[in-house]
Amino acid sequence: MADQVAAMCDQLIKALNVMMDAETGQVYRLEALKFCEEFKETSSFCVPCALQLADKAQPAVVRHFGLQILEHVIKFRWNNMPQQEKVQLKECAMHLLATGTHSILEEESHIKDGLSRITVEMIKREWPQHWPDMLKEMEALTSNGEAQTELVMLILLRLAEDVITFQTLPTQRRRDIQQTLTQNMESIFSFMMAILHLNVEEYRKLKGSSGHELQARAHCRVAVATLNTLAGYIDWVSLVHITSGNCHLLEMLCLLLSEPELQLEAAECLLIAISRKGKLEDRKPFMLLFDDVAIHYILSAAQSADGLAICMKSSESQAVEVVERRYIFLKRLCQVLCALGGQLCCLVGSDVEVEVPANLSKYIEALLAFTTHSSQFLKKTTLPTWGALFRHETLSKDAVVVEMATKFLRTSMTNLVKAGFPSRNDNPSCQYSCVDFDSDEDFNFFFNSYRAQLGLVVRFACRIVPLEAFQIASEWLQYQISSPIDTGAITSKTAEGLCSLLSPSVVQWDAMTVFMECMATQIFKNVAEEKLPIDQSMELVQAVLNYDTKDPLILSCVLTNVSALFPFVIHRPHFLQQVLYKLFKAVTFEVGQETKAPRSRAVKNVRRHACSSVIKICRDYPRVLLPCFDMFYNHVKKLCSSLATLSQVESSLMEALVLISNEFKDFEKQKAFIDELMASVVADWTSEEMRHLLSNPAVYLSFVGADQVVTEQNKDAGTTGHNRGRLSFCLYAMMGVVKRVRWPADLEEAKAGGFVVGLTPAGAPIYRNPCTAQFLAFLPNLLVLIRTQNSLFTPENMARLSETFSRAHDVMDAEKNVVLGLTQNLLDIYDSAVYRTSLERMQGFFSTLYDNCFHILGSAGVSLQQEFYTIERQLVLSCPQEYYNSLLCPLLGPLFAYMQQRLNAKWQVISQRTSVNGEDEEVVCQESHVTQEMLEEQLVRLLTREVLDLLFVSCISKKGNEPAADKEEIDEEDMMMDSAHTASPAQPTDELSELGKHLMKHENIYMNMLTLSFTSLSWRDTTNCHRTASMVCWTLLRQVVGGNLLPEAVTWFYTSVLRALQVHGQHEVCNSTLSQLAMHIYENLRARYPELRAVMTQIPNISVEALDQYDHRLLDPNAQKVGDKKRKDQFRKLIEGTVGKALCQQFRKEVHIRNLPSLYKNPKPDKDIVLNSEATGLEALFAPEKNTL
């Protein structure tokens, strides 16, 4: 046998060398791999060959393969091995641990890993029942030297990871091992602490001694391994073990922060420990870390690491680079401080009566040091802690925190400035960004998130020191106004001398503007009116109004400051006209006097920004602006009369006028104004010429220029451009009016103003809208336009498009990027023209026009209500109940049926494409083709969600936290401070909306909705599957389960859920909601529909006996019932054969670990003592063998 083993080992080594040789061809490599795999699966010589290959005399790659064979044997053959072979294999493995390695510094890490894996696999199968002395054997191994001590630590760490972290064992085995670990944790911790203490002491003793460097490194290596193992246990053991001995472990970890070779691992342990949750009483000892000694070690370690985190690249060059290990240590220390702050905020002011630490100022200074660090990552890490401190009921009033709030605000002046792009070298942050970010796009995405979070914390600080915040903002704004514009090295591409987004002046103005907005939102909430700095604020307003710039990016910031300071203007009304004129001037902003070139996006943004600012102040302060109405109206008239083509800008000003007119609170007066304002628009829109061109697709395409070829000589800027602008303006104007006209919110004011015309049967008031007459005149041609727009996709109309505009109906490139989640270069976005080509301009026109048509209809439903629905036009959300049956039911039923068919066909194409490409891996597609497929799939996914959202809002009465109607209504208190969010599963709702109840009265409609809902579960969109399964399917189905559903329908509903489990079951959230839905259907319908059992019996690998037991408990009223959790677990086991696996799991060989006799399961005594006595007495008396009595 020895010869056979030796021969086989030779063959395996040759095969291994073939596989590892870079020069080997693919065919030979595959043959060698096949030989090795077949040997592992089938050979009876696995163990002897593996032991021979794992001998330390062999090369490392051969030894590793030998260890892999041993691991394979334990994983897949252990259950069938005789006990003697198991014992023998275990002894061989322990021998390898004791003598089968080189010294700790010479041995390869993958060999150590392989040895630990083998041992842990045996522990998982045999400990503690069949290997009770395992821990003692491990402890004995450490006496063999540093190499064995490190191996023991690796074994303990891997055991904890497999059992606790990854939970790769069956439940009973995991419970047995975890409970045994917990019972022995005190001795395990003492053992690890002793090893750590011993090796740290030896390392410190020897590290400076010449001739002992190798021994010192060996002790250091053991200490590192011990710290890593401790980190694997600190996360889950009882807090008692962490805080015992007056926090001896934490004290040791703080001391190790000063050891450069151990500090990172010590910081990791410290972070895990301090981040622990649990009872507040158990966490109270963490406050010892606020003592002088602990804080001193943390601060000194941070200062030392910061000094060493940057080093020179070379002696000749001045360039510097980040030392990654030191930088990672800095990150961990920062996280330690933040976790400590989290414990402080939890404990102070709680029931455990923890006082504010005496040296809180030291701690906060340390936190501020990280906030002022050059690394953007470190700055962001501190923000949740600052937010918690500034919001804390007790700490926010402490003098130290109040003083620090002002310092934090001053620090924010630097931190709000966007700097540190990894591609540049103009800021100390750049070096750290090179480590943290792969590209400028990554950095930009990070910084936007960071600044939003920083803005939130600045608001919290402004609540504490609002007047100081105002002073800082005032000084900063005045400084920016007085500073000359610095365009920097990177200037605008569209006009000479203008700034780009990265120009120094722009980034400073941008940062200051964010700060000003944060301050302004808080000062009015936290300062009494009589204490507001009105005079100072008016000086600021005057300075901003006097500031003149032709740079669009800076002007945009100026406009934001005007909006932010406007609440102060209310107290000095004589400034109103100056503010409006400043905004009016920006509304028609141009870079030059006259420019024929296409406007850049920056210029367009200034105009839109000015319009938005006007609309915002008119929306928020219409009563204040009412005295300026005539001046405003005259300006708009003058502007409109001076332009040949009106645009969105003019329509926005009309929209702002309408907002002010709502303050008339007089129906006739407001109607007269609306009629006058819209007279020319409605006259143009309702003309015979307009009706003719809107109703004929060929004429319409010619009118907008889509059938014309555009060349360099024949630019697309003449009549057709004017025509497109004419159509767009009419729609923008009507949309602004319909969206903004409102009757008074107060019922009495509405009655007095003539807005109320009657009452509904339920007694609610019926209002009339001053714009109804204009809208009804506008509506016929609007519907004609929608019909024509829809017909543009027919083949004959597609053929009418010229060569220039043949792709006019394609998705625009910018929108494609949004759908696909692709980023665009920042400078390109703002420096480019809004539309770079005639084709893009036409695409934008068609897309916007189409959207605006439906925005008008949507706004009309909300604004006109009864007056809109009486003209037989349907929209869902605002429809009064009396029109549900006559209007919405005839619309929604066919719509849902059509969308189900349409979407199902689209998803079938996507599924077929996925399965075909999955089978044929040799298919090579062009990148553009792949991108188009991805785009199509994402668009189908978005459309699916829109359709199911419509179904949801139509049918389901959503309970709980309704989203705020306006983002401005959301209070900062409700925003999450942590950047990492965990999505909680949606809670099922049991209630139908009023519209849902009407829809469910019609069989064809509710079957269409059910078909759409259950079919969509199997479409490859996990978000939709989870939402529909948890909120829609059962809510709809339970309404009709009492009716006469056909068995075929019930079977189809149930199999649809099981099919969805096949598609989405690999995702735990979907698995949970689908299993719950399947259980609801089975338990509620099983009694009436025995066909459901037939479906269950077709599930692969189902236990018929378990199914019988489940059915018995379900159907027999006298059967013993079980708890909800156990019932759910039983049902999930029944249907687990339907659950699909992820691709990475489909071809993986299953590892089976057998349960051992449980050590901890106490048999439950029978509760019925009388029954027991009868069973032992009466049954024995009448047993058959007693017949002789």
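**View 1. Overview of the predicted chain.** The secondary structure of the chain comprises 54 helices and four strands. Of the 1189 residues in the chain, 48% are buried, and the accessible surface comes to about 58200 Å², with 52% of that area belonging to carbon and sulfur atoms. When contacts between residues at least 6 apart in sequence are considered, 75% of them join residues that are at least 24 apart.

View 2. Residue A1049 is part of helix α48, which covers residues 1047–1064. Its relative accessibility is 17%, and because buried means under 20%, A1049 is counted as buried. Although T1011 and A1049 are 38 residues apart along the chain, their C-alpha atoms are separated by 9.6 Å.

**View 3. Crossing of helices α29 and α31.** Helix α29 (residues 629–641) and helix α31 (residues 667–685) have axes that come within 12 Å and cross at roughly 15°. Since angles under 35 degrees count as roughly parallel, α29 and α31 are therefore described as roughly parallel to each other, and their crossing is left-handed. On the α29 side the contact is made by F629, Y633 and K637, while α31 contributes F673, E676 and L677. By residue class, the contact of α29 with α31 consists of four nonpolar and two charged residues, with no polar ones.

Note on methods
Residues numbered from 1 in each chain as written. Predicted model: local features only at pLDDT ≥ 70, side-chain atom pairs only at ≥ 80, totals over all residues. Heavy atoms only, no water. Helix = DSSP H or I, 4+ residues; strand = E, 2+ residues; numbered from the N terminus. Buried < 20%, exposed > 50% of the residue type's maximum accessible area, 1.4 Å probe, protein only. Contact = heavy atoms within 4.5 Å. Areas by Shrake-Rupley, 256 points an atom, 1.4 Å probe, with all protein chains shown as cover. Axes fitted to C-alpha atoms, helices over the stretch in contact; angles between N-to-C directions. Parallel < 35°, antiparallel > 145°, perpendicular 65-115°, else oblique. Left-handed = near helix turned anticlockwise from the far one by under 90°. Nonpolar A, V, L, I, M, F, W, Y, C, P; charged D, E, K, R; others polar.
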